[in-house]
Amino acid sequence: METRQQERGQGHIRTGLLDPEPVTEVDEEMVSDVDLNNTLTDEEREEILSELTKLEEDISTLRQVLASKEKHHSELKAKLGITPLIEFKQNFNRSWYDMQTSTAYKKTSETLSTAGQKTSAVFTTLGTAISRKFGDMRNSPSFKSFEEKVECTVSNIKTKVGSQGGGGSFEEVLSSAAHASAQETPSNNMSESSDHERTC
């Protein structure tokens with residue numbers, strides 16, 4: 001213990017294998033920086049610093065040149081009357097043209113066109129089928145019978161409204177015509193359908 005205190009007084013600590021103080025870890029980046037700095041000579045270090053200074057000056061000069069060129073570029077555009085809006089339109093048109101001429105756009109356009117044609121064909125076929133079904137339905141005996149009943153009822157209403165001379169309301173005439181149509185028997189309907197065409 002006395003040796004340790006004496007060594008501390010001299011400015012450095014001597015540690016042994018059984019020393020209770022923990023070993024401190026050193027950051028790896030710090031070690032590599034230290035190692036690199038230790039391997040450079042003073043001449044190399046001065047040379048690197050000189051090159052670094054020169055590069056920073058070159059970068060600064062290039063920035064100034066670029067700023068000057070951009071200013072000159074803007075002035076020339078202004079003389080030609082090219083405003084930012086016109087430039088935007090030109091860029092947009094160029095981009096639109098580039099997109100339209102791209103392979104992906106062409107393939108997508110062709111696919112959509114084909115899909116549109118197929119969809120149109122399906123709707124045309126569907127419309128034709130529906131029209132055919134309506135035609136078939138209209139030519140069916142049950143539809144013709146229904147159509148004849150409607151025509152007969154309408155003509156009966158017109159006759160009764162005209163013959164009553166204003167004695168009854170339209171609702172009364174309509175209900176009496178419906179009542180008369182409902183009282184007809186099914187057997188009479190079939191035999192009367194051909195006669196009905198003559199009478200109605």
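Biologist: How many salt bridges does a search of the whole structure find?

Modeller: The search finds one. Side chains of opposite charge can pair when their charged atoms come close. The term salt bridge is used here for a side-chain nitrogen of Lys or Arg within 4 Å of a carboxyl oxygen of Asp or Glu. Note that this is a predicted model, in which local features need pLDDT of at least 70 and side-chain atom pairs count only at pLDDT 80 or more, while totals for chains, interfaces and linings use all residues. Residues are numbered from 1 along each chain as its sequence is written, and side-chain values use heavy atoms, with hydrogens and water left out.

Biologist: Which residue forms a salt bridge with lysine 77, and which parts does the pair tie together?

Modeller: The partner is glutamate 87, with the closest N and O atoms 2.1 Å apart. Lysine 77 lies in helix α3 and glutamate 87 in helix α4, so the pair links parts that are 10 residues apart in sequence. Helices (H or I, at least four residues) and strands (E, at least two) are DSSP runs, numbered from the N terminus. The protein chain has eight helices and zero strands.

Biologist: Is lysine 77 buried or exposed?

Modeller: Buried means under 20% relative accessible area, exposed over 50%, and partly exposed in between (1.4 Å probe, protein chains only). Lysine 77 has 17% relative accessibility and therefore counts as buried. Glutamate 87, at 26%, is partly exposed. Of the 200 residues in the protein chain, buried residues make up 6%.

Biologist: Which residues form the nonpolar patch on the surface?

Modeller: Patches are made of residues with over 30% relative accessible area and no salt bridge; like charges are joined within 9 Å, and nonpolar side chains (Val, Leu, Ile, Met, Phe, Trp, Tyr) within 5 Å. Here the nonpolar patch consists of Leu85, Phe88, Phe92, Trp96, Met99 and Tyr105, together about 630 Å² of accessible area, by the Shrake-Rupley method with a 1.4 Å probe and, for residues, only the protein chains shown as cover. Helix α4 (residues 84-100) gives the largest share, five residues. Methionine 99 lies in that helix and is partly exposed, at 35% relative accessible area.

Biologist: Which residues gather in the patch of negative charge?

Modeller: Asp and Glu count as negative, Lys and Arg as positive, and His and the chain ends are not counted. The place of a charge is NZ of Lys, CZ of Arg, CG of Asp or CD of Glu. The patch gathers Asp42, Glu43, Glu44, Glu46, Glu47 and Glu51. Glutamate 43 lies in helix α3 (residues 42-80) and is exposed, with a relative accessible area of 69%. Glutamate 44 is also in helix α3, but is partly exposed at 37%.

Biologist: Where is serine 140 found, and which backbone oxygen lies 2.6 Å from its side chain?

Modeller: Serine 140 is in the loop between α5 (103-139) and α6 (141-164). A polar atom of its side chain lies 2.6 Å from the backbone oxygen of methionine 137.

Methods. Polar contact = N/O pair within 3.5 Å; in protein donor to acceptor, adjacent residues only side chain to side chain.
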